[in-house]
Amino acid sequence: MRSISIFGATGSIGESTFDLIRRNGGADGFRTVALTGGRNIQRLAEMARELRAEIAVTAYDDRLPALRDALAGSGVEVAAGNAAIADAADRPADWVMSAIVGAAGLVPGLRALRHGGTLALANKESLVTAGPLLMETARSYGATILPVDSEHSAVFQALTGEDIACVERIIITASGGPFRDWSVERIATATLAEAVAHPSWSMGQRISIDSASMFNKALELIETREFFGVDPAKIEVVVHPQSIVHALVGFCDGGIMAHLGPADMRHAIGYALHWPDRGAVPVERLDLARIGSLSFQAPDDAKFPALRLAREVMAARGLHGAAFNAAKEIALDHFIAGGLAFPRMAAIVEETLSRMNGIGRDAQSLDDVLLADAAARKLATAIVNEG
Ligand code: NDP
């Protein structure tokens with residue numbers, strides 16, 4: 001029986017993963033090793049009971065008593081804290097879903113790779129923060145990383161059986177988010193509720209706001225570069241409001257392979273779950289005649305500076321990805337908490353990167369990455385407080 005763990009089980013990707021695990025037999029189809037969550041203790045406990053997990057871990061120490069109560073008599077071990085989440089990744093599992101949000105997903109993912117199994121990677125921040133380290137860890141332990149981000153799963157599928165040397169371009173699509181057609185002046189007044197209201201995807205709060213600012217696509221540009229190892233000049237972004245085409249790969253003979261599917265993350269998660277085979281996944285089937293037309297447009301870099309910043313980060317490499325992601329997380333925290341105007345997020349990231357200019361180009365130990373992450377968080381916080 002295949003063993004699995006889900007890191008970030010209570011989130012949007014975690015729920016979709018749980019749904020597919022349940023549809024494929026649940027506790028009778030898989031041996032569940034670890035499930036982790038954050039504040040949603042009741043849901044974590046429900047999932048752990050249903051899948052008969054070995055251990056359930058919350059990221060927050062103060063939630064441990066509640067988790068212990070909720071799982072009393074179930075036989076499921078409980079633990080709390082970031083170190084306990086990383087320790088849970090030391091328990092071998094054949095297939096591990098990495099779906100914690102933010103840089104907090106990096107260490108559990110790295111630890112899980114050491115078992116040489118499969119890491120289904122939704123946590124794009126790991127690749128942005130420490131791409132070379134993550135890929136090298138996978139290589140040295142003989143582990144497989146399968147991309148779960150819809151665009152990267154699409155590219156991965158389009159590349160199956162192809163020679164990466166013949167790839168001329170990789171085009172990832174962006175819905176454009178809720179502010180696609182807003183003026184710069186209107187974007188300056190955007191509220192949290194407006195930023196979270198994604199037009200085509202249902203996702204966690206943080207990635208939804210990142211989609212509105214195009215920081216999500218910026219992270220994905222870097223993710224593409226790190227995962228597929230292609231020259232950044234070959235990676236393009238095109239705005240595609242219908243979110244039907246997820247990515248396209250152009251080859252040296254002029255042909256382009258496009259991947260189409262509904263805006264439902266269970267396709268990409270299911271692909272990673274069944275890989276290298278294909279298995280049935282209960283997503284809506286596309287009715288192209290009803291959809292009628294698919295449209296594409298160039299992204300507006302002036303309105304959304306995140307893509308330009310990502311290109312600068314890809315050129316600089318080294319620890320710049322860690323600094324970029326950390327500064328973005330701090331800016332996002334402040335936008336969510338209130339008091340920070342929407343466009344200030346990009347300004348804070350840009351200012352953090354410019355003040356950190358000169359951080360190592362090549363250093364890539366985990367300690368180097370964590371130090372750069374912490375330094376960028378401190379600097380970005382100071383810049384927010386400068387007003
Ligand atoms: P959610 O916010 O919905 O869920 C995040 C999960 O991580 C929850 O289980 C949450 O626990 C847990 N968590 C939150 N903070 C911490 C922390 N500091 N330490 C440990 N666990 C924590 O996020 P999504 O599911 O939307 O996204 C997860 C990842 O997948 C992100 O990296 C995102 O970019 C990526 N992704 C998401 C897509 C989507 O459609 N949602 C699409 C493609 C990629 P709790 O909720 O209990 O507090």
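**Charged pairs and their surroundings**

Author: R31 has a relative accessibility of 41% and therefore counts as partly exposed, a class that lies between buried, which means under 20% relative accessible area, and exposed, which means over 50%, with a 1.4 Å probe and protein chains only. Before going further, please note that this is a predicted model, in which local features need pLDDT of at least 70 and side-chain atom pairs count only at pLDDT 80 or more, while totals for chains, interfaces and linings use all residues. Residues are numbered from 1 along each chain as its sequence is written, and side-chain values use heavy atoms, with hydrogens and water left out.

R31 has a charged partner, for it forms a salt bridge with E54, and the closest N and O atoms of the two are 3.0 Å apart. This pair links distant parts of the chain, since R31 is in strand β2 and E54 is in the loop between α2 and β3, 23 residues apart. A salt bridge here is a side-chain nitrogen of Lys or Arg within 4 Å of a carboxyl oxygen of Asp or Glu, whereas helices (H or I, at least four residues) and strands (E, at least two) are DSSP runs numbered from the N terminus. E54 has a relative accessible area of 31%, so E54 too is partly exposed.

A second pair is D28 with R52, a salt bridge whose closest N and O atoms are 3.3 Å apart. D28 sits in the loop between α1 (12-23) and β2 (30-37), and R52 in the loop between α2 (41-51) and β3 (55-58), so that distant parts of the chain, 24 residues apart, are linked. D28 and R52 are both exposed.

D149 lies in the loop between β7 (144-147) and α7 (150-159), while K124 belongs to helix α6 (residues 124-141), so the pair ties together parts that are 25 residues apart in sequence. Through shared partners, salt bridges join K124, D149, E151, K217 and E220 into one network. The search of the whole structure finds 29 salt bridges.

Let us now turn to the sheets. The strands β2, β3 and β7 are among the seven of an open sheet with parallel pairing, in the order β4-β3-β2-β1-β5-β6-β7; two strands are said to pair if DSSP finds at least two bridges between them. Each of the edge strands, β4 (77-80) and β7, has a single partner strand, so one side of each is left without a neighbour in the sheet. From one strand to the next the twist averages 15°. Strand β1 (residues 2-7) pairs with strand β5 (residues 95-98) in the parallel sense over four bridges, and S5 stands opposite V96 in β5. Helix α2 lies across β2 and β3, running at about 170° to β2; axes are lines fitted to C-alpha atoms, for helices over the stretch in contact, and angles run from 0 to 180 degrees between N-to-C directions.

There is also an open sheet of four strands in the order β9-β8-β10-β11, with mixed pairing. Its edge strands, β9 (235-239) and β11 (256-260), each pair on one side only. Strand β8 (residues 167-174) pairs with β9 in the parallel sense over five bridges, and I170 stands opposite I235 in β9. Helix α11 (residues 215-228) lies across β8 and β9 and runs at about 150° to β8.

Leaving aside residues up to four places away in sequence, F179 touches, among others, I187, A190, F304 and F342, where contact means heavy atoms within 4.5 Å. In the chain, 56% of the 387 residues count as buried.
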